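Me: I have a model open and would like to go through the terms used for it, one by one. Could you help me set each label against its cut-offs?

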Amino acid sequence: MIEEYQSGSDEESHGCDITPEMETVFTKHFHLDREEAVALKRNYILHMSATSMGSETRLGLGLASYDACVYSLGASLRCTNSLPPENSPIVNVRFAPDNESLLYVGYSQGTIKLWDLRDTKQCAQQFKDTTDPKSKNLHEKVFSSFDVNCEGRFLCAGTEVTDGDAFLLFWDTRQASLLGGYWECHTDVVTQVKFHPSEKDHLLSGSTDGCLINFYDVSQTEEDEALLQSLNTQSSVDKVQWHEGTNTTVSCVTHTSDVQLWHLDDSSPFNTFSRTEYSLNTPDENEDVEDSSYVADVHSTSELDKLFVLAGSNLGKGRCLRSAMVSSGKLSPLSYFDGNKQIVRCSWFDPQAEILVTGGEAGILSLWKCGKEDTLANPSQLKATSKLKEKPHKTKVKPY
């Protein structure tokens, strides 16, 4: 299936191929250092989390086939763990902040499992919803997202709508006990919850309710007191991310692929970039190029108050992948990722080493390094290194 994502004909490329002129536009060069297919058949990589063990980096992956696995990013890309599969879509994967051997995997059926990668015969702990505050009958809530705080002590899961409410649920990871929940702050699916990277009690949540990113201090006992700020995005929220700098910045990617940048005390975003501003292709008279563009992720960089926007296009079989730098309120072209073979769904960026890892709809894990291109040995001869069993899978339809 990987051959599907190799370079197409000139007719299919829609301006995605690198040209001498583009070399002067894109000022930072990345080359494809290595790549691996996670399975023999196409299998979307939807979620990614990273942790470091000395000189080795571990990547936890959540796949569309409901499987989770772990890859080691050392001298090579290799699969080190394939976790027992569940009959439920994965909503996120997160390494424990205080232990690189512990991986949380959240499933939409209403369970978050903690796996000890040193022994994966069975999960080390499970976190479930055990109460329903509005009914004597327990109505299972469908999870849509989750995160763990920077101390590794608290878990938060967002849900789809249950009996007219969308919930944020909280657990104490030491006892797997449900601490409680919020159910008044969102009226539709909670698409993402994100704890602050260094402030243990600060939490963001985004939703498809059409307008809100909520900011909480979860040390407060009451929901009304915990909700500190609501940022009105006027659009359905896909992804949110914290960025530390001179002022804490929150980035938001909407379901219409706009990028919004906020400060927590803002009444409106201080920067907004639409598809028109980062459209990546040469216009084609038969295609609406602008509508084909998407934002994969927004990452922090090693430079204060500068952000790295990773964006692509659905045209040219998804091969187009480029980045832009946000600095002083301006968006400028940064890098072109020559050799990309897929629409990217998730990524991880190491700002110090300037290493980018991407995963996406061809099920390929790609490692990009900053610098001029090195020769990748037999790049078309990808083979699956995962021990995952092949089985049919369905990609969950998003609720928007």
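**Labels and their cut-offs**

Reply: Gladly, and here is a place to begin: K141 lies over the face of F167, 4.6 Å from the ring centre. Please keep in mind that this is a predicted model, where local features need pLDDT of at least 70, side-chain atom pairs count only at pLDDT 80 or more, and totals for chains, interfaces and linings use all residues. Residues are numbered from 1 along each chain as its sequence is written, and side-chain values use heavy atoms, with hydrogens and water left out.

Me: What makes K141 count as lying over the face of F167?

Reply: A charge sits over a ring if NZ of Lys or CZ of Arg is within 6 Å of the ring centre and within 35 degrees of the ring normal. K141 is at 4.6 Å from the centre of the F167 ring, and it lies over the face, so the label applies.

Me: Why is the pair of F308 and F349 called stacked?

Reply: Rings of Phe, Tyr and Trp (its six-membered ring) pair if their centres lie within 6.5 Å; planes under 30 degrees apart count as stacked, over 60 as edge-to-face and the rest as tilted. The centres of F308 and F349 are 4.6 Å apart and their planes are at 5 degrees, so this pair is stacked. The pair links distant parts of the chain, with F308 in strand β23 (residues 307-313) and F349 in strand β26, 41 residues apart. Helices (H or I, at least four residues) and strands (E, at least two) are DSSP runs, numbered from the N terminus.

Me: How many aromatic pairs are there, and what makes the pair of F30 and F337 tilted?

Reply: The structure holds eleven aromatic pairs. For F30 and F337 the distance is 5.3 Å centre to centre, and the planes are 40 degrees apart. That angle belongs to neither the stacked nor the edge-to-face group, so the pair is tilted. F30 is in strand β1 (residues 30-37) and F337 in the loop between β25 (330-336) and β26, 307 residues apart. F30, F308, F337, F349 and W368 form one aromatic cluster.

Me: How do you know whether S257 is buried or exposed?

Reply: Buried means under 20% relative accessible area, exposed over 50%, and partly exposed in between (1.4 Å probe, protein chains only). S257 has 8%, so it is buried. This serine is found in the loop between β19 (249-254) and β20 (259-263), and its phi is positive, about 65 degrees, although it is not a glycine.

Me: And Q234, is that residue buried or exposed?

Reply: Q234 has a relative accessible area of 68%, so it is exposed. Its place is in the loop between β17 (227-232) and β18 (237-243), and its phi is near 60 degrees, a positive value in a residue other than glycine. S235 lies in the loop between β17 and β18 as well, but S235 has 15% and is therefore buried. Not counting residues up to four places away in sequence, S235 touches G210, C211, T254 and T256; contact means heavy atoms within 4.5 Å.

Me: What makes a group of residues a nonpolar core, and which residues have the most contacts inside the largest one?

Reply: A nonpolar core is a set of buried Ala, Val, Leu, Ile, Met, Phe, Trp, Tyr and Cys residues joined through side-chain atoms within 4.5 Å. The largest here has 18 residues, and M48, L61, V357 and L365 have the most contacts inside it. Strands that each supply at least two of its residues include β2 (45-53), β3 (56-63) and β27 (355-360). Apart from this core lies another, of 16 residues, among them Y104, L155, F167 and W171.
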